[in-house]
Amino acid sequence: MTMNFRLIKSALVDLLVANEAGRYRTIGHQRQNAAGSEVLNNGRTVQVFYQNGDIPKSGSSTNGPFKHDITFQVILTVSKKSIGDRATLDNPASTEVQRQAAIASFQESEALADDSFDELVDHVFQVILDARNRDLGAGFLIGSRWLSNIRKDDYLYRGEMVVLSGALTITCSTDEQVTGETPTPGNIIDVAVEVDDDPAKAGVRLE
Amino acid sequence: MTNLRELAESDLLDTLEGDWGLPVELVSPDGVEYKTSANDPTKDLVGQILYDTIVQNPDTGSEMVLHKPVVTLRRTSLARIPVSGELWWVRIPLTPSYTAQKVGFLLEQATEDGGSIGFIRLYLQAAEQSVP
């Protein structure tokens, strides 16, 4: 039987996927790296991973159920390039005044990334704290669902783009059961190592 | 007696603007284009362009190669020197070839000064066309 925290994490990913509407992409695990171009504009990513679990003794009994206070991290990553009238700047026929106006028109990537990140927080916040999603889509009762923290990190200059990431901390609690699992054996691989210069083909002897 | 700093600066004619040099075009915030060297207006403005940069991955600590053009120019070749905080448009060849088509980048990140050793380093960022 699968533990409830895994079901909840899976449900949370499914819930975020169902509400993407082209505004972001959901990934069900923590990725070490994302290229700036990968998360550019609406390729913004939302990564969900189980960060921490507390099992307080006071809320549990010896043979279960065990109260499980869960902390999920939802990592948000956005990336932006500057936007402006580059066509005028690359046009040999443009005048000095037109080029001046074109440079002044640029919106800097840091400001765009900051806005994009805030917008993404807005989307994800609305999905997770919607009253209809009190169970985070799990289909069973989840206790104390709460979004306890929103964090924004510093800009990362990934190549020629700016990447901005941060995290939402989501906490909830559930009861875990121990069902007495019968282990299923994995595949046993029988490896016979033959050494070419061993006439007896006795394999490798460890001493 | 020759001053060593002056000698180092004059060496930039070879190290930055010599055989390794690639043409660079600058557009200042007031729209003025700089395509030729202030030292010799009959010559193109050239400098050293590094297209990729090796940096340390902040997530893993390992090294990674980023596409991030960095342009190093001789300060005396510039009629106006970019100052940190100014938005400039910088056109460089798309590939490391003198005759390659040029592509524009925004000079957005702070410049690295190097005033006492005669060069300036520009970090470029990609830019998208805005929708009219």
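Predicted model: local features only at pLDDT ≥ 70, side-chain atom pairs only at ≥ 80, totals over all residues.
1. On secondary structure, chain A holds four helices and seven strands. Read from the N terminus, the order of these elements is α-β-β-β-β-α-α-α-β-β-β.

2. On burial and surface, 40% of the 207 residues of chain A count as buried. Chain A exposes about 12000 Å², and carbon and sulfur atoms supply 50% of that area.

3. On contacts along the chain, 63% of those in chain A between residues at least 6 apart in sequence join residues that are at least 24 apart.

4. Which residues have the most contacts inside the largest nonpolar core? That core has 29 residues, and the ones in question are Leu12(A), Leu16(A), Val46(A), Val74(A), Leu76(A), Val124(A) and Ile128(A). At least two core residues come from each of helix 1 (4–18), strand 2 (45–54), strand 3 (66–80), helix 4 (109–128) and strand 7 (161–176) of chain A, while helix 4 of chain A, with seven residues, gives the largest share.

5. Apart from this core lies another one, of 18 residues, which includes Leu22(B), Ile49(B), Val71(B) and Ile92(B).

6. Leu12(A), listed among the residues with the most contacts inside the largest core, can be followed residue by residue in the structure. When residues up to four places away in sequence are not counted, Leu12(A) touches Val48(A), Phe72(A), Ile128(A), Leu136(A) and Ile170(A). One of these partners, Ile128(A), is likewise listed among the residues with the most contacts inside that core.

Conventions. Residues numbered from 1 in each chain as written. Chains lettered and ligands numbered in written order. Heavy atoms only, no water. Buried < 20%, exposed > 50% of the residue type's maximum accessible area, 1.4 Å probe, protein only. Contact = heavy atoms within 4.5 Å. Areas by Shrake-Rupley, 256 points an atom, 1.4 Å probe, with all protein chains shown as cover. Core = buried A, V, L, I, M, F, W, Y, C linked by side-chain atoms within 4.5 Å.
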